[in-house]
Amino acid sequence: MATSTPNPTDSDKPQSNDERLAAQLAANGLARALLAVWNPAEPPERRRERLQQTLGSHNPGQASNDAAATDTN
Amino acid sequence: MPPQLTRIEVQGFRSFGTVRQTPDLAGPIAVFWAGNSQGKTSFSEALEFLFSGQIARRDLLASAKDEFTEALRNVHMPSGALVAVEASIICPDGQTRKLCRTLVEDYRRGNAQGCTSTLTIDGVAANDNQIESLLGIRLSQHPVRAPILGQHNLAYLFSASPADRAAYFRAILDTQDLEDFRNDVQAMEAALVAPASPEMNDLLEVELLADAGPGRVQIRKSPKPETLRARLESASSALLTSIGLPVPKGLAAQANAIEAELTTRRSKTFPVDLLRRSAFAPWAGDAAKLKEAADKFLEERQKVDAESQRTLDLFKAALAIPAHPDHPHGDDCPLCGTVDAFGADRVAFVREQVRASEAFSSASASFLGSLRSSILHCDTLAQSLSKALPRFMREQRGKRRAAEFTVAKIKELVPSDGRLEEWLSAVRALARADRALQLRIRAARKQLDHAQKNSQEWSDVGGLIAAINDIASAQESFVQQLTAYEGPARLVGEGISATVDQNAQTSGWESLIRLARNPDALWHALRLDAAHRQKVSDIKKAIREIDMAIGKVTDEKFAELSDEVKFWWDRLRPEENTFFSGVQRRSDKARRTVDLKAGMSVKDDRANPKFRDAVAVFSQSQLHCLGLALFLAKAVQEKAGFILLDDPVLTSDEDYRPNFTSSVLEGLLDKGIQVLICTQDHKTYKDIGDRWLHRNAQQFIMVRNDAVTGTEIRKENDDLATMIARARPATKSQDPALRKDGARQIREIIERFSKCLLVKDRKVKGDNGASITQYDGKNFGTYSNNVYALLTKDAADPGKLRSGFSDVTSGSHDDAPPTTATLARALGDLNRLKKDYLD
């Protein structure tokens, strides 16, 4: 989530919901990208707008290619 | 620091009456003792009302809401009397604030919304959200919102629906934000609208067209425009071949061939052409410009008379004569020879006549030009009007019938869904608008013709411009009707075409023709559709992943909650081989079903347990403990600063009561939770008071001697009041043994009252060292006369005390105990004497 602040004193085990959720989602996946921009403190319309923008710009193929390139390297 | 209560005030709420009760809570633990029907439940519900504005019991008994009508206001108080609950709260910021809720309207029959109330914080109007934002008290999920465990809501989870139970735990686990995130992502999927595209609709039609060959279904999978074009051509060729027509080269030529055959076939079934019409070209003239030209024309015409116009050439010729140097006063007239007739004045006059005539000529030309232009626009409009109508409206009735274009025929062809009637209505309205516009055009044309032919006499500018404006308004009405006609006409046209095509076996042909004529548009539509499908697929995949991830997070948090519940369970029921095992989702995919699991082992160390649903296998006592453990775990998870427990241990659970008063309370106090306990079990009350004396445990008793005064809350150090309250049930009992015990209690009350009175008198007289303990071991007879002497407020008072003592003293030794009336009278007298002499 956009407002999450990791707890530096407890880096081994995520505590907040968004940290826990992020830890369960694929690193380059759309779900993770959506979670990164989702901010519960924002008005619903603004939240949905951010999600839409992320959906519009997300390129899973590119993400896979990037990952593959990283693997190759 | 979590919020904690320092004082509670209750007035007029249920059993509480006109006298406001104000127990001070100067410590982390307070225990309230009350007999049956003395106000225990009223007290816990008063706190529920304070924090949530409602009482949970009503919501939990969903089918009996109406039965709570007028349930909150003390029934013996007048309707306008104050009903309010207050609490002084030390907030997380260290400030003490006062929260007050006042009942405005009690529960009403038929009103599902509940009661209404007003809320203030430190005397300032507040809303429910400020209970958390200002006071730091976070309320839970409906219906058990306040951190108050009553008998009625302890078993809520075991009877709640699966959805309610899941919502309850979601609130405890604090995962609503994850649900909100998921819902927002899912809403995005619902909001994705497939791009509207006539080409995609046509493609669907073509895919159903078997005669277009098997390759037709490959059209949408074309990887590039060239492939798409080739597959369309293949489909067109297949269709033409299937109907026995030669296949021309090129997609466009094939489309033309199919269309020709389609037109032929359709016309054999129904004159579809009669539905066609052309676009309407509205009036393009400029009435303002025409008016300007007409006004100028009339203005110039007025300046120049007809005679001047006739002699214009003559005037021009005269002006062309050069001036004669020998005639300084003017030339002679060239026509009649009048001497000096053509002087300067005359020349000026002639020049003015010539100028006016020329301006007039110019204005006249302009006006006539505007007239011609307007006439042309009128004629154009009339032609456009005619073509804008569907052809059947321009055909004569006889020709329409000959072509079988009739309402009866159309009715056979279109679905009976009202579209025909709507179309007929639109046709009639369009016909009326057409006639009106035609009339306006003809009227204007007449005016224009008249002005053109009689320009020298014509002067009706107003009439002409009004006629033109009439065209504009009639035209606007016509355009409106034409627009209204479009929708019904399209539906009827589609209905007719579909049936005709079906009859003529040409369904999908028209779609193929359109696609063949514009494959680029189809390619573009296919790209948009693919992008849309990709987005939908991406979101669905993301939602699946989010669901899995939320499930795993929920499992983690359930495990943590289970540990907390186990913590309390093991403090309540340690070393039992049937035990609480965990709270968990029913399966990996379950989102709405939560189970409470019990472990059952044959060994004391709980080894190799078998697991079952706790609701099914736990005894009532175990379920009660599980409800309490869940509530305590919830309080810890939600960081409640205080809790109120209404008889948390069943009377029948004698074995577990010590566990509660010791290790459970110890655990709560260690976690910094302030504990308020209401109980009717005096042993529990006394045990808590004794055990937690070092933590400044506060003890209160609740008694309800008078219905209007209501429940009174007294500090435990008011021993006499406690003794009176405790004796009351025994005085009403039909059990002789209990009444005998009641008599014994009353005798002790008399002795206690007498000692208190003696000590009070000595203190009044300056003996500050006077103490009740100084009378320990002395019986009533040794000091009774001193007591009687102090009962001076009413001459009858000594007799009441003496009589009461006599009644209960004999009762404690004889086989026949005092009657309930005797005991009640003695206790009532003592209560009054206490109020009159000690309170």
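Which residue in β14(B) is the bridge partner of Val703(B)?

Author: The bridge partner of Val703(B) in β14(B) is Glu712(B). Before the surroundings are described, some conventions are needed. This is a predicted model, in which local features need pLDDT of at least 70 and side-chain atom pairs count only at pLDDT 80 or more, while totals for chains, interfaces and linings use all residues. Residues are numbered from 1 along each chain as its sequence is written, and chains are lettered from A and ligands numbered from 1 in the order in which they are written. Helices (H or I, at least four residues) and strands (E, at least two) are DSSP runs, numbered from the N terminus. Two strands pair if DSSP finds at least two bridges between them.

Val703(B) and Glu712(B) are bridge partners, and the strands concerned, β13 (residues 698–703) of chain B and β14(B), pair in the antiparallel sense over four bridges. In general, strands of a sheet pair through backbone hydrogen bonds, either parallel or antiparallel. The open sheet has six strands in the order β7-β11-β12-β2-β13-β14 (chain B), and its pairing is mixed. At its edges stand β7 (148–149) and β14 (712–715) of chain B, each with a single partner strand, so one side of each is left without a neighbour in the sheet.

Helices cover parts of this sheet. Helix α25 (residues 682–691) of chain B packs on the sheet and touches β2 (29–34), β12 (674–679) and β13 of chain B. Contact here requires the C-beta atoms of two residues, placed from the backbone, to lie within 7 Å. The direction of α25(B) makes about 155° with that of β2(B); axes are lines fitted to C-alpha atoms, for helices over the stretch in contact, and angles run from 0 to 180 degrees between N-to-C directions. Helix α26(B) lies across β13 and β14 of chain B and runs at about 45° to β13(B).

Within α26 (residues 719–731) of chain B one finds Ala721(B). Ala721(B) is buried, because 22 other C-beta atoms lie within 10 Å; a residue is buried if 20 or more other C-beta atoms, placed from the backbone, lie within 10 Å of its own, exposed if 12 or fewer, and partly exposed in between. Leaving aside residues up to four places away in sequence, Ala721(B) touches Ile701(B), Val703(B) and Arg714(B).

Most residues other than glycine have a negative phi. Asn696(B), in the loop between α25 and β13 of chain B, has a positive phi of about 60° although it is not a glycine. Asn696(B) counts as exposed because it has 12 C-beta neighbours inside 10 Å. Ser37(B) is placed in the loop between β2 and α1 (40–52) of chain B, and its phi is also positive, near 60°. Ser37(B) counts as exposed, with 12 C-beta neighbours inside 10 Å.

Strands β4 (residues 96–105) and β5 (residues 116–121) of chain B run antiparallel and are joined by six bridges; Arg101(B) has Leu119(B) as its bridge partner in β5(B). β5(B) also pairs with β6 (residues 124–125) of chain B, in the antiparallel sense over two bridges, and Thr120(B) stands opposite Ala125(B) in β6(B). The hairpin of β5(B) and β6(B) has two residues between the strands, and Asp122(B) in this hairpin takes a positive phi near 55°.

Helices of chain B pack on one another as well. Helix α11 (residues 287–303) and helix α14 (residues 344–388) of chain B pack at an angle of about 150°, with their axes 8 Å apart. They are therefore roughly antiparallel to each other; angles under 35 degrees count as roughly parallel, over 145 as roughly antiparallel, 65 to 115 as roughly perpendicular and the rest as oblique.
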